[in-house]
Amino acid sequence: MEILQNVLQPIEKVLIPEKKKKDERVLPPVFNRGVVTIVGIKTVTTRFIPVSHEGFSNETYVDKIDLLGKKRAEFISRKLKGIERRAHMSLFREMVEENNGVWKDEFESKFGKPCTIPAPLCVTCWNCSLFGALEAGKGGTFSRIRYFDTWSLQSADECVASTTSEEGLGIGNTVNENLKEERGSESYHLYEYVKAGTKFPFITIIESPTALDITGYLAAVQRADVHGYGKYSANHGKFQTEFIAVAEGMPEFSILDLLENNTEEEIKNKINTGKYKFESNSVITDNEEIKSIKNKLPELFKEYWNSL
Ligand SMILES: [Zn+2]
């Protein structure tokens, strides 16, 4: 990670809280506003139902918008962030248990109080420091990680199974079906879904980053991919993520620029040849190198935990 050294912060400047009273911990104020940008492509590997609302219904439609000459499936940043946050939390809890005792007890002794997603959050742990609080107006903007809405590279005609597509709608049982009653049309759930193979480019920014934040994020995404981002069934919405670049500084391009391309290869080429630039020239694009950053997580976590 030598290439990111100018921007990476020592853990004690960002992540180690000061103990005030028995149950009160305060994170150090962060004055450095250095940034690491992570760019990649998420490929759908199962049926994926990206919808922006919660709740159960008999019919579900994929969120779509007209953008840059195509109707595209939409994958909102709140969904991306929410699922990756949970994956990040469970991953770190497991590491606490591997190194120490029961995570709940260990956690409370280090941070003074429990931390439950969505509430109440402790606002001082590895997870809260990176992802911020959840309630709008109550610290939501303290988040150091920034997500962006994204859209499918392919057109919805091509990548969404719908009433007009060859596959037709997906059919499942409703979540709230009463199994004691005879089955009728209300027993079925009809849904559109994004087909396997659909690609969503993404950009994620981490402000005042520590090495632990970067490795933790990379590992959490891998876990989230296996857990799935989809609504309706726990088996839906699985992904494979390819990280294309981990770079120092802000990107000088947006998701809209990435969507001007038709394939993943075109995006990779433009990053590798510097057509899409970052604020600095410190950019890691080698896949093995990015993997080796991710693999440093256990070691970096141990250092963090011992410093708390
Ligand atoms: Zn917390």
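Which residue stands opposite Glu74 in β8? Trp151 takes that place, and strand β6 (residues 70-75) pairs with β8 in the antiparallel sense over two bridges, where pairing requires that DSSP finds at least two bridges between two strands. This is a predicted model, in which local features need pLDDT of at least 70, side-chain atom pairs count only at pLDDT 80 or more, and totals for chains, interfaces and linings use all residues. Residues are numbered from 1 along each chain as its sequence is written. Strands (E, at least two residues) and helices (H or I, at least four) are DSSP runs, numbered from the N terminus.

The open, antiparallel sheet of three strands has the order β5-β6-β8, with β5 (64-67) and β8 (150-151) as edge strands that each pair on one side only. Another open sheet, of five strands with antiparallel pairing, runs β7-β13-β3-β14-β15. Because β7 (145-147) and β15 (283-284) each have a single partner strand, one side of each is left without a neighbour in the sheet. Between β7 and strand β13 (residues 199-207) there are three bridges, and Tyr147 stands opposite Thr204 in β13.

Turning to the helices, the axes of α2 (residues 77-99) and α10 (residues 297-307) come within 11 Å and cross at roughly 75°, the axes being lines fitted to C-alpha atoms, for helices over the stretch in contact, with angles from 0 to 180 degrees between N-to-C directions. Therefore α2 is roughly perpendicular to α10, a label that covers 65 to 115 degrees. Phe92, Met95 and Asn99 of α2 meet Pro298, Phe301, Lys302 and Trp305 of α10, contact meaning that C-beta atoms, placed from the backbone, lie within 7 Å.

Technical notes: Angles under 35 degrees count as roughly parallel, over 145 as roughly antiparallel, 65 to 115 as roughly perpendicular and the rest as oblique. Two residues are in contact if their C-beta atoms, placed from the backbone, lie within 7 Å.
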